[in-house]
Amino acid sequence: MVCLGNICRSPLAHGILESMLPPDQFYVDSAGTGNYHIGSPPDHRSIKVAKKYGIDISKQQCRQFQASDFDRFDYIFVMDASNLQNVKRLARNSYDIAKIRLILNPELNGLSEVPDPYYGDDSDFEKVFHLLNDACTYISDELQELH
Ligand code: 4NP
């Protein structure tokens, strides 16, 4: 799960998808394309909304996305078009590029990007939680059918 800061959106996506998949079969992680918050825990508003829905993301630690992540992961979900561009720039070949997808499916809810809630308020984090929860429900079903 990749966003810009790895403190708002991708930690939520990471925690939500992890809560839906059997831990002995799937490994979920998150990273940011930016380096501003390396080593920090998620934003307190992401921690709060996740906790409200029974998911603890407080122990996650921000890290920056690296080209070696293409070797460690089968799927790389990005939150928006800018993340997509930044991650694509680090791709080394067409196999790397084939692993990247936008996390939202516009056919499901009309949106193709998860809005950045960083400069917003609690209601923006709540909206992001629900967008990601719906997306992860779909992804979790798909992954468990495929693997
Ligand atoms: P995120 O949100 O990409 O969802 O983690 C952001 C968090 C921090 C910044 C930008 C986006 N920032 O510029 O510090």
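**Close-up 1. R9 and the ligand.** A polar side-chain atom of R9 sits 2.8 Å from an oxygen atom of the ligand, which makes it a polar contact (a pair of N or O atoms within 3.5 Å; within protein, one must be able to donate a hydrogen and the other to accept it, and residues adjacent in sequence count only if both atoms are side-chain atoms). Taken alone, the ligand exposes 350 Å², and the protein buries 91% of that; the areas come from the Shrake-Rupley method with a 1.4 Å probe, and for residues only the protein chains shown count as cover. A heads-up for all the views: this is a predicted model, where local features need pLDDT of at least 70, side-chain atom pairs count only at pLDDT 80 or more, and totals for chains, interfaces and linings use all residues. Residues are numbered from 1 along each chain as its sequence is written, and side-chain values use heavy atoms, with hydrogens and water left out.

**Close-up 2. The shell around the ligand.** Around the ligand you'll find C3, L4, G5, N6, I7, C8, R9, Y36, H37, D116 and Y118, each near it in the sense that one of its heavy atoms lies within 4 Å. The shell splits into 6 nonpolar, 3 polar and 2 charged residues. Here Ala, Val, Leu, Ile, Met, Phe, Trp, Tyr, Cys and Pro count as nonpolar, Asp, Glu, Lys and Arg as charged, and the others, Gly among them, as polar.

Close-up 3. The side chains of R9 and D80 form a salt bridge, 3.0 Å from N to O; the rule asks for a side-chain nitrogen of Lys or Arg within 4 Å of a carboxyl oxygen of Asp or Glu. R9 belongs to helix 1 (residues 9–20) and D80 to the loop between strand 3 (76–78) and helix 4 (81–90), so the pair ties together parts that are 71 residues apart in sequence. Helices (H or I, at least four residues) and strands (E, at least two) are DSSP runs, numbered from the N terminus. Both R9 and D80 are buried, on a scale where buried means under 20% relative accessible area, exposed over 50%, and partly exposed in between (1.4 Å probe, protein chains only).

Close-up 4. D29 pairs with R63 in a salt bridge, with the closest N and O atoms 3.0 Å apart. D29 is in the loop between helix 1 and strand 2 (31–32), while R63 is in the loop between helix 2 (44–52) and helix 3 (69–72), 34 residues apart. D29 counts as buried, at 16% relative accessibility. Follow the links and you get a network of salt bridges joining D29, R63, D69 and R72.

**Close-up 5. The D56 and K59 pair.** This salt bridge joins the side chains of D56 and K59, again 3.0 Å from N to O. D56 is exposed at 53% relative accessible area, and K59 is exposed at 70%. By the salt-bridge rule, the count comes to 13.

**Close-up 6. Aromatic pairs.** The count of aromatic pairs is 5. The ring centres of F65 and F70 are 5.3 Å apart with planes at 85°, so the pair is edge-to-face. Rings of Phe, Tyr and Trp (its six-membered ring) pair if their centres lie within 6.5 Å; planes under 30 degrees apart count as stacked, over 60 as edge-to-face and the rest as tilted. F65 is buried at 6% relative accessibility, and F70 is buried at 1%. Y118 and Y119 also pair edge-to-face, 4.9 Å centre to centre with 70° between the planes. Y118 is partly exposed at 31%, whereas Y119 is exposed at 78%.
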